[in-house]
Amino acid sequence: MSKAYSIRQPRMEGDSIAEISRKLEVSRDTVYKYLAMEDLSQRPPAPRAKASVLDRYRPLCLIRFSLHE
């Protein structure tokens, strides 16, 4: 378990900063530091935009559709 998680979890449960620092044997400054940090969890990679199989036929389709208007 990461130190940030072990500090944040008791805080979400309502423990005071002093209680957390005593339980984990870290300074209150350390507790404040980890609570102020943004979430350090790894984010899933952003999906890549895939080209459509029909993209190479798009110009032809646009021409054909415009002829029928």
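Modeller: On the H1 side, Ser-6, Ile-7, Pro-10 and Arg-11 meet Ile-17, Ile-20 and Leu-24 of H2, where contact means heavy atoms within 4.5 Å. Sorted by class, this contact of H1 with H2 brings together five nonpolar, one polar and one charged residues; here Ala, Val, Leu, Ile, Met, Phe, Trp, Tyr, Cys and Pro count as nonpolar, Asp, Glu, Lys and Arg as charged, and the others, Gly among them, as polar.

Before going further, please keep in mind that this is a predicted model, in which local features need pLDDT of at least 70 and side-chain atom pairs count only at pLDDT 80 or more, while totals for chains, interfaces and linings use all residues. Residues are numbered from 1 along each chain as its sequence is written, and side-chain values use heavy atoms, with hydrogens and water left out.

The protein chain has four helices and zero strands, and helices (H or I, at least four residues) and strands (E, at least two) are DSSP runs numbered from the N terminus. Helix H1 covers residues 3–12 and helix H2 residues 17–24, and the two pack at an angle of about 140° with their axes 10 Å apart; the axes are lines fitted to C-alpha atoms, for helices over the stretch in contact, and the angles run from 0 to 180 degrees between N-to-C directions. That angle makes H1 oblique to H2, because angles under 35 degrees count as roughly parallel, over 145 as roughly antiparallel, 65 to 115 as roughly perpendicular and the rest as oblique. The crossing of H1 past H2 is right-handed, a term used when the near helix is turned clockwise from the far one by less than a right angle, with anticlockwise giving left-handed.

Within H1, the buried residues are Ala-4, Ser-6, Ile-7, Arg-8 and Pro-10, where buried means under 20% relative accessible area, exposed over 50% and partly exposed in between (1.4 Å probe, protein chains only). These buried residues of H1 pack against H2 and also against helix H3 (28–36). Of the 69 residues of the protein chain, 17% count as buried.

Asp-15 is buried, at 15% relative accessibility, and, leaving aside its neighbours within four places in sequence, Asp-15 is in contact with Pro-10, Ile-20 and Lys-23. With Lys-23 the side chain of Asp-15 forms a salt bridge, at 2.6 Å from N to O, a salt bridge being a side-chain nitrogen of Lys or Arg within 4 Å of a carboxyl oxygen of Asp or Glu.

Beyond H2, Ser-27 has its place in the loop between H2 and H3 and is partly exposed, with a relative accessible area of 39%. Ser-27 and Ile-17 are 10 residues apart in sequence and 9.4 Å apart in space, C-alpha to C-alpha.
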